[in-house]
Amino acid sequence: MIEAHGLSKHYGSRKAVDNVTFSVRPGMVTGFLGPNGAGKSTTMRMIVGLDRPTSGSVTVNGKPYSQHRAPLREVGVLLDAKAIHTGRSAVNHLLAVGATHGIGRKRVDEVIGLTGLDSVARKRVGGFSLGMGQRLGIAAALLGDPATLVLDEPVNGLDPEGVMWVRSLARHLAGEGRTIFLSSHLMSEMAQTADHIIVLGRGRVIADAPVAEIVALSGGKLVRVRTPDAARLAQLLASPELGTEVGVNPGADADEHDVLEVSGLGAARIGEIAASAGVVLHELTTVAGSLEEAYMTLTQDEVEYHAGGSQPAAEGAIR
Amino acid sequence: MSTTTAPAASRASSPGTLSQLTFGGILKSEWIKLASLRSTLWCYGLMIAITIGFGVLVALTLTDAPGGQPPVEVQQGTAVQVATLAIGFTALVSVVLGALVITGEYGTGMIRSTLTAVPTRLPALFGKVLVFGAVTFVVGLIAIVGTALVTAPLLPRIGITPDFADPGYLLALVGGAGYLALIGVLALAVGAILRHSAGAIAAALGLILVVPTILLILSAVLQADWLANVGAFLPDAAGSRMFSYSQDGLSVAPGLLLEPWQGLLVLLAWDAVLLLAAAVLLKRRDA
């Protein structure tokens, strides 16, 4: 459980994090989304006490992070893959970090196995790929078998298998009742991993809701239809008797002339309409990636609000 | 890699219900960090090699003093000098290593891992100081005592027979190792304040090498003896008194001549003040 109350971090006149209040609950994966510079990393650093808040507070399991007797057992954190001395081997890095809490060889070997680092554990970290560094960072976060995990961009630099692995690890750990808080730039990834999403824009929380609600903000699900008779199907679906909520657009990829993206109508209903008219379908898929659109909509509004100039923006006033 | 199946084993074994953050654990962590870097091994190896090599070289090139066997005090003083002459160089190695022990963490980002594990921060700094200081002292002692033992058979040739049972002689050797440790800790404190390798090494070397020279020149030009006296309280001048044999009387520097224990106290005071500044900044600054 992570609770932030009125958390702010100012660098001079720039408000990196501006009066943010949220809580991250146990037993689920909470996604932390926002464009670059929105304040995600700063917020995460404040959670583990690396940055001191300008005002407000943040607690983990009821206490500030630094007041826990065994901090690494409360929170495992991956802030960036570069928080590791490049001259040291992976196993020595983990032994050194673990030693502070009396965590020994056995657990170090476990997290090395868990993160698939066995083959490179004795090599110096300086020669690691981004993905290997990321796996080592996750291994360090897991050392204390913590009840709460804070992962900043955990899939950054990972290969597809690694992305799958992080996704299943996060889901599995949440299933054990732990608190999982992870940020990502990959919105589609978040749709498949997170239960709840907090969107940060310009240092402020602009959305804090379950994934389904965030997706609903974008107007619901899309159905992707592939048919050699796209023009005729589009005509049928645009028929006024189906209601005005139905939207039919050509596929996102301009080369795919046989693809339609339909909103406001379920896949089953589209199939029935096509069958009754004798239109052949090659594909009928419900697309879950609309979270990305919701996110873009949310963050764009935020940017426009500040850039519009009609509002007396707080930042401008200070400068 | 079969990592996709791994999560099932994530909680296979708990690291022990009693494991928590302790100062003993921090010391062990800092020891692992120090021992697992190549730069540490290079610097300490260099320290031992330079000390023994230099001592042997000097012992071989010393010539007979005219007028037969010198007095015991001169014999002991010369023996101490042979064993500690290399400190002028090994102190620089200790300074570089001391600075790197902390600035290497800032340069690589490791400091964020360190301070996440030890969020109260100060125990991490003090643990680093204790481990680095103790290891440097032991390595320095091995180098200096080793040099004394290796050069002992070479000295009777010029009428010098070191008396190993002489407390003054032993104290000077131990003082040499203590100086190496404390001057390295001074650089560590400077590194913790500046958080940058090149800057910290330059600042520490400047304090040790450049400032005394400037004071010396100024005191000569201005005919100001008090400046030379101030110079005696600089880290290098004061600390160097720790490995002087009390009767050697060979110092040619103008100004005050501190007793070895006074030199120790002055250097300890430098370390304490700089560490205090480092501690205050470590508590205040974002990592």
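**View 1. Of the contacts in chain B with a separation of 6 or more, 84% join residues 24 or more positions apart; two residues are in contact if their C-beta atoms, placed from the backbone, lie within 7 Å. This is a predicted model, where local features need pLDDT of at least 70, side-chain atom pairs count only at pLDDT 80 or more, and totals for chains, interfaces and linings use all residues. Chain B is built from 11 helices and 0 strands.** Helices (H or I, at least four residues) and strands (E, at least two) are DSSP runs, numbered from the N terminus. Read from that end, the elements go α-α-α-α-α-α-α-α-α-α-α. Chain B has 287 residues, and 45% of them are buried, meaning that 20 or more other C-beta atoms lie within 10 Å of the residue's own, with C-beta atoms placed from the backbone.

**View 2. Here's helix 7 of chain B, residues 167–194.** From first C-alpha to last, its 28 residues reach 40 Å, close to the 40 Å expected at 1.5 Å a residue; the expected span is 1.5 Å times one less than the number of residues. Helix 7 of chain B is mostly covered, with 23 of its 28 residues buried.

**View 3. Zoom in on helix 9 (residues 230–237) and helix 10 (residues 267–277) of chain A.** Their axes come within 11 Å and cross at roughly 115 degrees; axes are lines fitted to C-alpha atoms, for helices over the stretch in contact, and angles run from 0 to 180 degrees between N-to-C directions. On the helix 9 side you'll find L233(A), L236(A) and L237(A), which meet I270(A), I273(A), A274(A) and A277(A) in helix 10. Sorted by class, the residues of this contact are 7 nonpolar, no polar and no charged. Ala, Val, Leu, Ile, Met, Phe, Trp, Tyr, Cys and Pro count as nonpolar, Asp, Glu, Lys and Arg as charged, and the others, Gly among them, as polar.

**View 4. This is where chain A touches chain B.** Here 50 residues of chain A are in contact with 42 residues of chain B. Helix 6 of chain A gives the most to chain A's side, with 7 residues. By class, that side has 22 nonpolar, 15 polar and 13 charged residues.

**View 5. Take care with residues 1–16 of chain B, where the pLDDT is below 50.** pLDDT is the predictor's confidence in each residue, from 0 to 100. For chain B the mean is 89, and 90% of its residues reach 70 or more.

Key
Residues are numbered from 1 along each chain as its sequence is written. Chains are lettered from A and ligands numbered from 1 in the order in which they are written. A residue is buried if 20 or more other C-beta atoms lie within 10 Å of its own, exposed if 12 or fewer, and partly exposed in between; C-beta atoms are placed from the backbone.
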